[in-house]
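Let us walk through the inside of this protein.

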Amino acid sequence: MSSTTHGQAPYYFVPSPSRHPVLTALGFFAMVVGASQWINGVTWGKWLLLAGFVWWLFVLFQWFSDSIRESEGGLYSRKVDIGYRWSMSWFIFSEVMFFGAFFTALWWGRAHSLPELASLDNALLWPDFKAVWPSTAAGATGSPAGTVEPFQTMGPFWLPTINTALLLTSGVTLTIAHHALLAGNRARCIAFMWFTVLLGVTFLFVQGYEYIHAYRDLNLKLSSGIYGTTFFMLTGFHGIHVFIGMLMLLFITLRLMRGHFTPKQHFGLEGAAWYWHFVDVVWLGLYILVYWM
């Protein structure tokens with residue numbers, strides 16, 4: 001491991017081997033297995049999901065603590081800062097590809113799969129199939145065998161629209177907080193960071209209520225044909241990203257309260273802001289393509 005000389009950061013800090021990546025992977029593995037089993041009705045699935053989530057948070061806390069100690073210890077030079085910026089940029093690019101795959105699935109199902117299944121080539125296989133999106137009208141179902149229960153679609157009013165306002169407002173408060181730090185106004189920065197975190201938490205609660213409304217009142221489930229599948233996959237994964245972004249902003253806010261970051265050295269805040277604005281943009285795509293169209 002590199003060390004500082006006369007209070008100066010090393011040319012490039014090389015950390016010692018870390019246990020955190022493999023421990024994080026174990027937590028994610030437990031969460032994925034638990035979630036898949038829970039969805040399929042296995043009782044212990046939800047407990048494995050919870051255990052993996054708690055383990056993931058525990059490892060994340062340790063990992064963040066190590067990084068903070070390195071940063072505040074003066075080990076990060078300009079080279080490391082550039083590395084972090086490139087890493088965050090490529091990470092967000094990978095997230096663009098991730099959501100792009102689900103948006104493409106939504107488009108492909110509507111523009112290609114439905115018309116193809118309703119064509120003459122498949123008339124003998126599914127004679128009663130009608131290419132209607134979403135497939136909720138009488139006789140217009142993606143499951144002529146009757147395996148998909150009747151359901152109602154989720155419209156844009158009012159819960160999705162409220163969440164849109166919450167996320168757009170959070171983007172504004174985060175930008176104000178960033179400019180306050182650049183101006184050296186730490187108190188104003190902290191106040192608007194807390195506003196941003198609160199807006200993110202409120203978004204998650206509203207989305208949770210939306211899911212309860214979908215299951216209880218609309219009978220809209222993950223098993224509700226391709227509409228239900230794409231709806232919950234897109235909104236669910238986006239909700240996970242909002243939760244992760246909210247945690248990032250929360251940690252940054254707590255660090256600001258401890259006197260970390262300066263107007264010239266604050267990529268932790270910038271990186272979290274990049275991620276949060278990306279989450280905002282994805283939601284706008286969801287709001288238009290999923291709820292309106």
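Which element gives the most to the lining of the largest cavity? It is α6, with three residues. This is a predicted model: local features need pLDDT of at least 70, side-chain atom pairs count only at pLDDT 80 or more, and totals for chains, interfaces and linings use all residues. Residues are numbered from 1 along each chain as its sequence is written, and side-chain values use heavy atoms, leaving out hydrogens and water.

A search of the whole structure finds one cavity of 30 Å³ or more. A cavity is a set of points on a 1 Å grid over the protein atoms alone where a 1.4 Å probe fits but cannot get out; lining residues have an atom within 4 Å of a point. The volume is about 50 Å³. Volume here means the space filled by probe spheres set on the points, with grid points joined across faces, edges and corners. L106, R110, W133, Y227, T230, F231, L289 and V290 form the lining. Two or more of the lining residues come from each of α3 (78-117), α6 (225-257) and α7 (267-292). Helices are DSSP runs (H or I, at least four residues), numbered from the N terminus. By class, the lining has six nonpolar residues, one polar and one charged. Nonpolar covers Ala, Val, Leu, Ile, Met, Phe, Trp, Tyr, Cys and Pro; charged covers Asp, Glu, Lys and Arg; the others, Gly among them, are polar.

Now take α3. It has 40 residues and reaches 56 Å from first C-alpha to last, close to the 58 Å expected. That expectation is 1.5 Å times one less than the number of residues. At G109, α3 bends by about 40°, the angle between axes fitted to the seven residues ending there and the seven starting there.

Why does V282 count as buried? Because its relative accessibility is 7%. Leaving aside neighbours within four places in sequence, V282 is in contact (heavy atoms within 4.5 Å) with F99, F103 and H238.

Note on methods. On a 1 Å grid over the protein atoms alone, a cavity is a set of points where a 1.4 Å probe fits but cannot get out, and a pocket is an open set with protein on both sides within 12 Å along at least five of seven lines; lining residues have an atom within 4 Å of a point. Buried means under 20% relative accessible area, exposed over 50%, partly exposed in between (1.4 Å probe, protein chains only).
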